[in-house]
Amino acid sequence: MAIPLPILDEPAPSIALSHLDDLWFQVAGTLCNLTCRHCFISCSPHNHSFGFLSLDAVRRVLDESVQLGVKEYYFTGGEPFLNRDMTDILERTLLFGPATVLTNGTVFKVEWLERLARAEAASPYSLEFRVSIDGYTAEANDAVRGPGTFDRALRGVRQLAAHGFLPILTVARTDDDQNDTALFAGFVDLLRANGCDRPRVKILPTLRMGAEEDRQRGYRDEERITPEMMEEYDPDRLICSHSRIVSDHGVHVCPILIEAPDARLGAALAKSLGVYPLRHRACFTCYQYGALCANPSEGRRDA
Amino acid sequence: MPSHTRIAVFGGVYNNYLALEAALRDARSRGVDAVYCLGDLGAFGPHPDRVFPLLRDHGVLCIQGNYDNSIGEGLADCQCGYTDPRDNYFAHISYEYTFNHTSLANRLWMKELPQQRRIELGRYRLLLCHGSPRKMNEFLWESTCPTHFLDHLATTHNADVILTTHTGVKWQRRLSHDRHFVNVGVLGRPENDGRTNVGYAILTANPNFEVEFIPVEYDYRRLAAEMREERLPLEFVETVMTGWWTTCLEILPSKERRRGRY
């Protein structure tokens, strides 16, 4: 069931797609083996709002992406590795370009990682694993992601490291008062202690919607983007200026807004490349932080 | 539009005037028509102002990198966009040092540099830029750029050859319709491969397009000694002495990151 999102009834600035750099796939729909308390689309083992994408569905979009000159491919969910086609999908993608998969790291099988290590070695492109852990202690992480998830995710990190991958820990700033410098240091130490000699960390703000709205708070009335705020602002920082996401429902403007009816732009990629008005309060977080969803290797995108 | 058949192209001088001297000497000995620099004259190394007389005396045709843009415009940082506090710490030291040791005249000179140049090499139309044809500070890594994406850049920017330097690691890709993408590498610091040399590129249209990456040996021990004298971070000195990057690592994709020591 789609969660109704607040759509502002005031004029909103519209953003054109400058180029489709980042093509996302909601490859596991809203299905996840975990039920994190801050999940902005409230994924869980029972949330069937969005379903899996099949290898054939992904393959068709990959073929279409060549003509569009797509730069990077991202896979998210839910938990992507619940999709039994995931290894095949990533192998296929690495024939086209770089692939990044956002995972909770708790369900890997050795056979999958062996195949993926071989696929990346044979490809000119990088395969990135972004592993979500939200605290560098079990206490902090498990309070948000569920009991036992800290140890299970770290096991996944060690499995990735053992197969030669360099996981990027993706950390949601679940406490507004947390200091990023201390967070970075805590996660770097954690990674080093778990087999990662090249620690990589990406810290993200939470999105104040879905489960997170109940855990902490929703957006405040003043947290919105007005046309005046776009003056002197580089729209390239916004995900919708360079991304689209494909789900089993069609093509949506960005990975954050898949549940918003107005953010579904069409059935096919080529028909979903138009302008989009920034009517959602979640757009405010993207506005504030920029390049929210992309890998650090893409840079911050502000000129 | 300038037209050539054989040129030398380098970028990322990063204050390394010793490597710049060696590269210019080497390029002249190989008989090139012209020498181009793709920007980032400052950062990392010692004595920024020693770079500019060499560029002028040898008639090097420069474009502006993000560092030159920042220093020229008096911005707060180098526009590399790091988020890791450790990377930002070192980037800040490097930027402050370079800014404070670059004369006003040289800062103004950098401010006026063009951000791109278009030239002809034989039958090929070359687009010279720093990061990408779209953005001065865009990272185009070998392992994150599909060939169809580079084809798109070449088409939309009307170029047969795109030249860049920003990421600091040389690479090249042949594109469709005899078009090419080349990162020419940098002169300022080794490219994270455990070797102390730096490098530049010689491009020829003879009549077909050819790239030769030229390794440049220079007096890196002297550079390291001067960096110590200037109290630049020992982490930077280690890179000069060992060939391994020690800072600003967060922006590397996994394939490029794995090749280094850190």
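**Exercise 1. Work out where Val66(A) lies, whether Val66(A) is buried or exposed or in between, and which residues are in contact with Val66(A).**

Solution. Begin with the secondary structure: Val66(A) belongs to helix α1 of chain A, in a model that is predicted. Next, take the accessibility: the relative accessibility of Val66(A) is 34%, and Val66(A) therefore counts as partly exposed, since that class lies between the cut-offs of 20% and 50%. Then set aside the neighbours within four places in sequence, which leaves Phe96(A) and His148(B) in contact with Val66(A). Finally, consider a pair that is separated in sequence: Gly97(A) is 31 residues from Val66(A) along the chain, and their C-alpha atoms are separated by 9.6 Å.

**Exercise 2. Determine how the axes of α1(A) and α2(A) are arranged, and which residues meet.**

Solution. The helices concerned are α1, residues 55-68, and α2, residues 86-93, both of chain A, and their axes come within 10 Å and cross at roughly 15°. An angle under 35 degrees counts as roughly parallel, and α1(A) and α2(A) are therefore roughly parallel to each other. The crossing in which α1(A) passes α2(A) is right-handed. From α1(A), the residues Leu55(A), Val58(A), Arg59(A), Leu62(A) and Asp63(A) take part, and they meet Asp88(A), Ile89(A), Arg92(A) and Thr93(A) of α2(A). Sorted by class, the residues of this contact of α1(A) with α2(A) are four nonpolar, one polar and four charged.

**Exercise 3. Find which residues of α4(A) are buried, how they are arranged about the helix axis, and what they pack against.**

Solution. In α4, residues 138-145 of chain A, the buried residues include Asn141(A), Asp142(A), Val144(A) and Arg145(A). Viewed down the axis of α4(A), the buried residues fall within an arc of 165°, so they line one face of the helix. They pack against β5 (127-132), α5 (149-162) and α7 (211-215) of chain A. Just after α4(A) comes Gly146(A), which takes a positive phi of about 115°.

**Exercise 4. Carry out the analysis for α8(B), and describe how α7(B) packs with α8(B).**

Solution. Helix α8, residues 234-242 of chain B, has Phe236(B), Val237(B), Thr239(B) and Val240(B) buried. Seen down the axis of α8(B), its buried residues lie within an arc of 155°, and so they line one face of the helix. Their packing partners are α4 (85-100) and α7 (220-229) of chain B. With α7(B), the packing angle is about 175° and the axes are 9 Å apart; α7(B) and α8(B) are therefore roughly antiparallel to each other. Tyr220(B), Arg221(B), Leu223(B), Ala224(B), Met227(B) and Arg228(B) in α7(B) meet residues of α8(B), including Phe236(B), Val237(B) and Val240(B). The classes in the contact of α7(B) with α8(B) are nine nonpolar, no polar and two charged residues.

Note on methods: Residues are numbered from 1 along each chain as its sequence is written. Chains are lettered from A and ligands numbered from 1 in the order in which they are written. This is a predicted model: local features need pLDDT of at least 70, side-chain atom pairs count only at pLDDT 80 or more; totals for chains, interfaces and linings use all residues. Side-chain values use heavy atoms; hydrogens and water are left out. Axes are lines fitted to C-alpha atoms, for helices over the stretch in contact, and angles run from 0 to 180 degrees between N-to-C directions. Helices (H or I, at least four residues) and strands (E, at least two) are DSSP runs, numbered from the N terminus. Angles under 35 degrees count as roughly parallel, over 145 as roughly antiparallel, 65 to 115 as roughly perpendicular and the rest as oblique. A crossing is left-handed if the near helix is turned anticlockwise from the far one by less than a right angle, and right-handed if clockwise. Contact means heavy atoms within 4.5 Å. Ala, Val, Leu, Ile, Met, Phe, Trp, Tyr, Cys and Pro count as nonpolar, Asp, Glu, Lys and Arg as charged, and the others, Gly among them, as polar. Buried means under 20% relative accessible area, exposed over 50%, partly exposed in between (1.4 Å probe, protein chains only). The arc is that of the directions from the helix axis to the C-beta atoms.
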